There are 2 protein chains.
Amino acid sequence: MKGGPTVARTQGGFELKPYFDTRRGTIDRALITYLNTSNLEDADIITAMRYSIEAGGKRLRPILCMATAHALGAREEKALPVGCALEMIHTYSLIHDDLPAMDDDDLRRGKPTCHKAFGEATAILAGDALLTRAFQLLTEHALQQPAGQHGQWLKIIAMIARAAGYEGMIEGQMRDIKAEGMALTADQLEQLHRLKTGALISASVEAGALIGNADPNAFKKLEEYGRSIGLAFQVADDILNEEGDPEIMGKAAGTDRLHQKNTYPALMGLNAAKQKAIDLVNQAVCSLEIFDNNSDPLRSIARYVIERQR
Amino acid sequence: MKGGPTVARTQGGFELKPYFDTRRGTIDRALITYLNTSNLEDADIITAMRYSIEAGGKRLRPILCMATAHALGAREEKALPVGCALEMIHTYSLIHDDLPAMDDDDLRRGKPTCHKAFGEATAILAGDALLTRAFQLLTEHALQQPAGQHGQWLKIIAMIARAAGYEGMIEGQMRDIKAEGMALTADQLEQLHRLKTGALISASVEAGALIGNADPNAFKKLEEYGRSIGLAFQVADDILNEEGDPEIMGKAAGTDRLHQKNTYPALMGLNAAKQKAIDLVNQAVCSLEIFDNNSDPLRSIARYVIERQR
């Protein structure tokens with residue numbers, strides 16, 4: 001965010017950029033591998049699925065999932081397949097959100113949106129296919145784990161389905177559409193944001209916590225962390241849409257205002273929205289108090305969530 | 001199918017109509033219950049999900065799943081949750097197929113299609129939500145089973161995801177769209193049909209077989225049965241689109257010809273297509289030779305698949 005109040009920095013020399021860059025590379029390679037393992041030799045739909053996956057993005061959800069597992073002393077790689085499934089779900093939601101019947105966006109991450117590149121029918125199917133592939137990946141990966149862990153894996157998958165579905169992300173998107181041009185209260189807007197973006201970000205943290213076998217208290221703290229950064233992310237997104245650089249974001253700015261979307265800047269003004277984002281991030285960092293240095297990436301990611309330029 | 005060759009009748013007094021009617025009632029009630037269990041008090045998207053689920057339909061996939069479990073001596077109810085998940089996946093695929101960017105259909109089962117009733121954005125989301133709900137239902141149901149069965153349940157869910165996704169139904173739909181106005185060979189058409197409709201029908205039978213703990217030979221025979229009726233179903237669908245009664249079907253006839261779709265009647269003529277459907281059903285019934293009377297419903301369903309009027 002440009003100007004205004006700033007977030008408290010934690011100690012330590014943790015460097016977020018190289019941390020993100022190496023993980024992004026690992027995640028990108030894994031995603032492509034997972035899309036290349038179709039039993040069908042010449043699946044047509046894969047081209048469009050891969051196009052949207054390869055358009056890049058922050059890979060925030062897989063990184064969060066891996067960083068949370070790491071905070072609990074588990075190997076990051078243990079969380080990689082789940083992280084990739086979360087990224088597929090996130091990407092499908094973007095493809096469908098960009099459709100003419102929804103937000104009608106032409107650009108995403110600086111490239112033509114999926115329906116602009118392949119047509120609407122293919123974009124709808126590519127989204128459907130990424131969502132389905134996510135659950136295929138999750139269940140096939142779970143099957144490769146020791147039998148004693150199958151129950152834990154079912155729990156992870158059920159939790160992700162809940163977060164992505166009609167009790168989470170999809171309902172949030174539905175409310176977002178219905179609220180266009182209507183004035184929401186602060187409570188309604190918070191609930192909408194918690195569903196639309198928060199649910200899947202929280203699920204990324206909670207999946208990492210389950211993979212890292214968090215005890216109940218650690219799980220509760222990580223859940224709090226996830227809820228705080230989930231909402232902070234969407235507040236920051238609202239602010240970016242208002243004052244971000246379209247060149248860096250790879251998409252147009254000011255579209256929320258144009259569509260009379262309910263946003264934090266619209267509801268409370270730009271500076272108050274920035275303060276809210278900072279408060280949420282400070283809350284998130286506080287939730288990590290009980291963890292050791294292994295949770296430094298989570299602390300840095302919390303700050304990144306509101307300091308990012310795209 | 002009207003006129004032309006007929007399929008060999010098996011012996012026994014099994015009555016399909018009352019069999020279907022009671023199961024349909026059970027399935028319909030279960031589907032509504034599963035949609036009413038959201039943790040969110042006032043989810044907006046549920047109205048559209050329920051609308052399409054309540055539009056009815058044959059409930060062929062859940063009935064197949066339950067009948068297959070029964071053929072192996074298991075209680076039908078054991079397969080009910082999986083059957084409901086399969087029906088949710090089927091219903092989502094119909095909602096998305098009906099969209100203006102896809103088949104652009106106004107009527108489905110005699111009622112306005114989901115996007116006609118609720119608008120395109122809601123219809124896209126309702127489809128997404130039904131697909132996600134299916135995987136939530138499957139994993140939550142699996143979690144309620146004894147720990148020793150969790151692996152078997154993961155296998156069932158992975159198999160369904162494969163059948164519904166880019167190696168199955170979605171790729172079939174993609175090829176169907178791409179092939180409009182192009183002449184496919186008989187092999188290409190068969191492959192398309194096996195993916196588009198066959199995969200999920202086969203998965204319904206295979207899920208029932210896994211729930212009923214089929215031994216490898218029984219599983220192979222049921223797999224053959226599923227493949228045969230899966231293809232027979234689509235051949236019959238092509239024939240119905242050509243000569244069915246729009247009143248009974250609740251949708252327009254002749255639309256395939258209008259859109260220059262690749263169909264069996266178009267490829268080989270109406271009578272040869274009817275003979276093909278009958279051959280497939282006879283093959284399906286032959287695959288059941290090793291099973292006892294408990295498989296009578298499966299035999300009757302095989303005939304129903306091509307004798308149905310809608």
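Guide: Buried area is the accessible area, found with a 1.4 Å probe, that two parts lose on being put together, summed over both. This is a predicted model, in which local features need pLDDT of at least 70 and side-chain atom pairs count only at pLDDT 80 or more, while totals for chains, interfaces and linings use all residues. Residues are numbered from 1 along each chain as its sequence is written, chains are lettered from A and ligands numbered from 1 in the order in which they are written, and side-chain values use heavy atoms, with hydrogens and water left out.

Visitor: How much area do chain A and chain B bury between them?

Guide: The contact (heavy atoms within 4.5 Å) takes 54 residues from chain A and 54 residues from chain B. Of the area buried between the two chains, 70% is on carbon and sulfur atoms. The total is about 4700 Å².

Visitor: Which residues of chain A lose the most area to chain B?

Guide: Three residues together account for 16% of what the chain A side buries. They are A:L125, A:L154 and A:Y166.

Visitor: At what angle do the axes of α2(A) and α6(A) cross?

Guide: Helices (H or I, at least four residues) and strands (E, at least two) are DSSP runs, numbered from the N terminus. Axes are lines fitted to C-alpha atoms, for helices over the stretch in contact, and angles run from 0 to 180 degrees between N-to-C directions. Angles under 35 degrees count as roughly parallel, over 145 as roughly antiparallel, 65 to 115 as roughly perpendicular and the rest as oblique, and α2(A) and α6(A) are therefore roughly perpendicular to each other. The axes of α2 (residues 45-54) and α6 (residues 120-143) of chain A come within 9 Å and cross at roughly 80°.

Visitor: Which residues of α2(A) make this contact with α6(A)?

Guide: On the side of α6(A), the contact is made by A:T122, A:L125, A:A126, A:A129, A:L130 and A:R133. By class, the contact has 8 nonpolar, 1 polar and 1 charged residues; Ala, Val, Leu, Ile, Met, Phe, Trp, Tyr, Cys and Pro count as nonpolar, Asp, Glu, Lys and Arg as charged, and the others, Gly among them, as polar. The residues of α2(A) are A:I45, A:A48, A:M49 and A:I53.

Visitor: How are α14(B) and α15(B) directed relative to each other?

Guide: The axes of α14 (residues 270-287) and α15 (residues 296-307) of chain B come within 9 Å and cross at roughly 170°. The two helices are therefore roughly antiparallel.

Visitor: What is the volume of the largest cavity?

Guide: On a 1 Å grid over the protein atoms alone, a cavity is a set of points where a 1.4 Å probe fits but cannot get out, and a pocket is an open set with protein on both sides within 12 Å along at least five of seven lines; lining residues have an atom within 4 Å of a point. Grid points are joined across faces, edges and corners, and a volume is the space filled by probe spheres set on the points. The whole structure has 3 cavities of 30 Å³ or more. The largest cavity has a volume of about 890 Å³.

Visitor: Which helix gives the most to the lining of the largest cavity?

Guide: The lining has 44 residues, divided into 12 nonpolar, 13 polar and 19 charged. The helix that gives the most, with 7 residues, is α4(A).

Visitor: Which residues lie closest to the centre of the largest pocket?

Guide: About 1000 Å³ of space lies in this pocket. Of the 49 residues that line the largest pocket, the closest to its centre are B:L94, B:R108, B:K196, B:D237 and B:K251.
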